[in-house]
Amino acid sequence: MNLTIKHNQVNNSSGRDDSYHPKTTSESTIEILNPASIKDWILVSAHHCAPNMGSEHAVGWNLVSRLARHHPILLITQNNEYRAVVEAGVAVLRQEGHHIEAFFVRHGATTDGRKNNLRVFYYLTYVTYQRRVLALAKALMKTHRIVAIHHLTIVGFREPGFLWKLDVPFIWGPVGGLVYAPRILFSELSRKMRIFQSIRNLLTWIQFSASPRVRAAYRAASRTGRFIAATPDIGERFQRRFGGGFVWIPETGSTIDQSTSAHLSHPIVGRPLELLWLGGLLDIKPLGILLDAIACVPDHQRRIHLSVVGDGDARSRYEQHAKSLGANATFVGWIDHEEAKRQFNDADLFVLLSIKDLTTNVVFESLGAGVPIVCLDHHGYASIVDESCGRKIPLLAPDLLRQRLAHELIRFLDNPSLLDPLRIGALRRAASFSWDRNASAIGQIYADIKNRTEKIAS
């Protein structure tokens with residue numbers, strides 16, 4: 001692979017260029033301000049990283065943009081349709097006086113393969129992409145004094161890349177993906193989805209237990225830098241399997257909605273309890289459990305209203321189910337972010353019953369809006385939601401789960417004042433997991449490594 005080093009300014013355009021098409025060659029362009037003027041750089045590999053986007057792109061950009069305000073950052077990300085907005089975001093940070101460089105590497109796939117549930121093609125091309133990242137990092141080490149390397153995204157544990165091979169302290173995480181669909185809830189899935197999740201559970205176990213690169217990357221991070229787990233459960237799984245240690249920092253963070261003050265005094269007088277469901281309408285997110293629980297509440301048509309935001313293969317089935325139960329439910333489909341914020345501001349409770357998930361952005365959106373959460377007591381959000389901001393329902397057989405959920409709804413209906421402290425607690429909990437706090441915790445890891453390197457050098 002040919003690497004071209006150019007001493008050019010990053011595009012200063014502040015708008016998004018929707019006509020941009022990624023380069024189709026294997027050339028990676030390195031754009032450098034003045035590396036000699038900066039003493040210590042942190043190289044951050046973030047395959048997913050783009051401003052004003054959701055999911056892992058939000059993880060990458062929200063952390064990188066905050067870290068760059070305190071540490072010189074060399075960002076390596078994929079050369080895709082978001083390059084223009086990444087360059088614009090980098091330009092803004094540099095205009096503010098922060099040291100950050102952006103380098104773009106071709107992924108190499110005409111499609112990212114996500115329409116394939118097992119994502120085999122996606123991971124094969126991702127391995128090739130990470131080999132290009134390794135070659136680029138080696139070239140950068142010749143022109144920059146890099147004191148630490150951080151593999152940030154993709155957060156999944158399956159593909160740690162190859163940067164751990166370099167003779168530089170290695171940071172990996174937040175690491176996620178090590179979650180299993182609980183078999184106790186398989187009866188809520190279609191036969192096809194049960195087979196798929198069984199295969200996925202098996203592959204997850206095999207990859208975690210037998211992958212030499214996963215083991216080597218974890219040991220390199222534990223030995224030279226730091227392993228960051230997206231959830232305490234994932235960190236403990238790695239620790240039990242491979243020894244070493246970890247620090248827990250969620251892969252996503254919260255932003256406090258400044259329009260929530262009126263929402264905090266939102267009495268349930270002469271109106272129904274407003275429930276919010278937000279997410280894909282899929283078997284793996286069993287809305288049917290909530291609909292059945294609502295139907296168990298006396299006079300539920302008058303006392304409860306459910307707003308369902310999202311779409312998916314199971315939407316028509318869930319709509320028919322809600323109609324057959326006489327549930328007072330409104331299916332609104334996918335909506336833009338501003339409208340989603342209004343939905344949170346109107347809600348009394350956010351309900352999350354995902355069979356398989358990590359932490360999910362919607363948990364922090366709900367907390368940041370001051371909306372208490374009712375969720376299952378498993379996966380990443382079980383560590384976020386506590387008694388101060390919501391209610392966790394233990395994993396039970398589906399019929400018992402429906403009964404327990406109905407019981408919680410009746411408690412809130414009979415004692416609506418229970419919601420008031422939970423609303424305040426939601427905002428406090430959101431502040432504990434803000435993007436700024438998460439970035440500060442990672443920045444402290446950077447600072448510790450820099451201090452250790454300076455002591456060794458002296």
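**Close-up views of a predicted model**

**View 1. Cis peptide bond at Ile 154**. Ile 154 lies in the loop that connects β6 (146-153) with β7 (170-175); helices (H or I, at least four residues) and strands (E, at least two) are DSSP runs, numbered from the N terminus. The bond between Thr 153 and Ile 154 is cis, with omega about 15 degrees. The structure is a predicted model, in which local features need pLDDT of at least 70, side-chain atom pairs count only at pLDDT 80 or more, and totals for chains, interfaces and linings use all residues. Residues are numbered from 1 along each chain as its sequence is written, and side-chain values use heavy atoms, without hydrogens and water.

**View 2. Cis peptide bond at Pro 174**. Gly 173 and Pro 174 are joined by a cis peptide bond with omega of about 5 degrees. Pro 174 belongs to strand β7. Most peptide bonds are trans.

**View 3. Surroundings of Lys 356**. Lys 356 sits in the loop between β13 (349-352) and α11 (361-368). Its relative accessibility is 19%, so Lys 356 counts as buried (under 20% relative accessible area, with exposed over 50% and partly exposed in between; 1.4 Å probe, protein chains only). Beyond neighbours within four places in sequence, Lys 356 is in contact (heavy atoms within 4.5 Å) with residues including Val 179, Gln 197 and His 379.

**View 4. Positive phi at His 379**. His 379 is not a glycine, yet its phi is positive, about 60 degrees. The residue is in the loop between β14 (373-376) and β15 (390-393). His 379 is buried, with a relative accessible area of 18%.
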